[in-house]
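The following note concerns helix packing and nonpolar cores. Please read the numbered points alongside the sequence and the coordinates.

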Amino acid sequence: MGGPSAEREVSLSSGRACAAALRGEGYEVVEVDAGRDLPARLSELSPDVAFNALHGRWGEDGCVQGILEWMRIPYTHSGVLASALAMDKQKTKAAFRAAGLPVVESVLAARDEVRARHVMAPPYVVKPNNEGSSVGIYIVDAQANTPPQLDDTMPDVVMVETYAPGRELTTTVMGDRALTVTDIITEGWYDYHAKYAEGGSRHEVPADIPSEIFDACMDYALRAHRALGCRGVSRTDFRWDEARGLDGLILLETNTQPGMTATSLSPEQAQVAGMSFGQFCAWMVEDASCDR
């Protein structure tokens, strides 16, 4: 847990919650804040399983998975290739298109170019191509006269995608089944504060939406999980424009390391599916392997 990514604090929260839950299920747990000495720490501990509660770069993009494969330590969640693929939003979109899944148009562009001109017609969204948790997202309105002045902390190359209006929906996949659909209700949009602050958003689970849309979310999430080659638990996020019916449902991205905090979506969905938080974490431990 922890690690050096932009999502370090969220990962620490996930890690602490999962460690406590697993102790409650009878497992012996050592919490490791992942730093440059991670291989040495793992060698010293020689664990039966590594529970990956890292988020963002290095923990979610195939890097730590490669270390665990090299050391032959069974681990949770997706393997090297699926993690790297899902972390790259543009490549994820290409995999989704190839699987016949609906996505919006997007381009990769230099940060300075995005600051200088509209690289696509507004409204659009600018985001890092390989970060999560709504870190560094800019929404450019249809009436915007000037391009967004991106912060210097944004990467040199960013993704610019057509803005998808509508409701925020999400579905967790656990192994070979989709769990349920959550409708994420916020004031404004689902930003970092809405995700992680108490009261930042309200989760309606199962979502009160037409059965056609509910079933499509379940189907698309499972197909996305398989298209990327995910293992264990993943969570796919959608936008749904009610006015357009099924044509208004599009995939945003798939998270191979969904948040596991008190306000997180996947544990809520597992609970609706009949699993306690401890049972959900224990399933991941028992599912762990190498060669994922």
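1. The axes of helix α4 (residues 80-87) and α5 come within 5 Å of each other and cross at roughly 105 degrees. Axes are lines fitted to C-alpha atoms, for helices over the stretch in contact, with angles from 0 to 180 degrees between N-to-C directions. The two helices are therefore roughly perpendicular, a label given to angles of 65 to 115 degrees. Helices (H or I, at least four residues) and strands (E, at least two) are DSSP runs, numbered from the N terminus.

2. This is a predicted model, in which local features need pLDDT of at least 70 and side-chain atom pairs count only at pLDDT 80 or more, while totals for chains, interfaces and linings use all residues. Residues are numbered from 1 along each chain as its sequence is written, and side-chain values use heavy atoms, with hydrogens and water left out.

3. At the α4 and α5 contact (heavy atoms within 4.5 Å), Leu 85, Ala 86 and Met 87 of α4 meet Lys 89, Lys 91, Thr 92 and Ala 95 of α5. By class, this contact has four nonpolar, one polar and two charged residues. Here Ala, Val, Leu, Ile, Met, Phe, Trp, Tyr, Cys and Pro count as nonpolar, Asp, Glu, Lys and Arg as charged, and the others, Gly among them, as polar.

4. Helix α5 (residues 89-98) also packs with helix α8 (residues 211-228), at an angle of about 115 degrees and with axes 9 Å apart; α5 and α8 are therefore roughly perpendicular to each other. Thr 92, Ala 95 and Phe 96 in α5 meet Ala 224, Ala 227 and Leu 228 in α8. This contact comprises five nonpolar, one polar and no charged residues.

5. The largest nonpolar core has 25 residues, of which Leu 169, Ile 209, Phe 238, Leu 249 and Leu 251 touch the most other members. Such a core is a set of buried Ala, Val, Leu, Ile, Met, Phe, Trp, Tyr and Cys residues joined through side-chain atoms within 4.5 Å, where buried means under 20% relative accessible area (1.4 Å probe, protein chains only). Helix α8 gives the largest share, nine residues.

6. A second, separate core of 13 residues includes Ala 21, Met 260, Ala 270 and Met 284. Met 284 is also among the buried residues of helix α10 (residues 277-287), which include Phe 280 and Val 285. The buried residues of α10 pack against α1 (8-24), β5 (167-174), β8 (233-240) and α9 (265-272).

Key
Buried < 20%, exposed > 50% of the residue type's maximum accessible area, 1.4 Å probe, protein only. Parallel < 35°, antiparallel > 145°, perpendicular 65-115°, else oblique.
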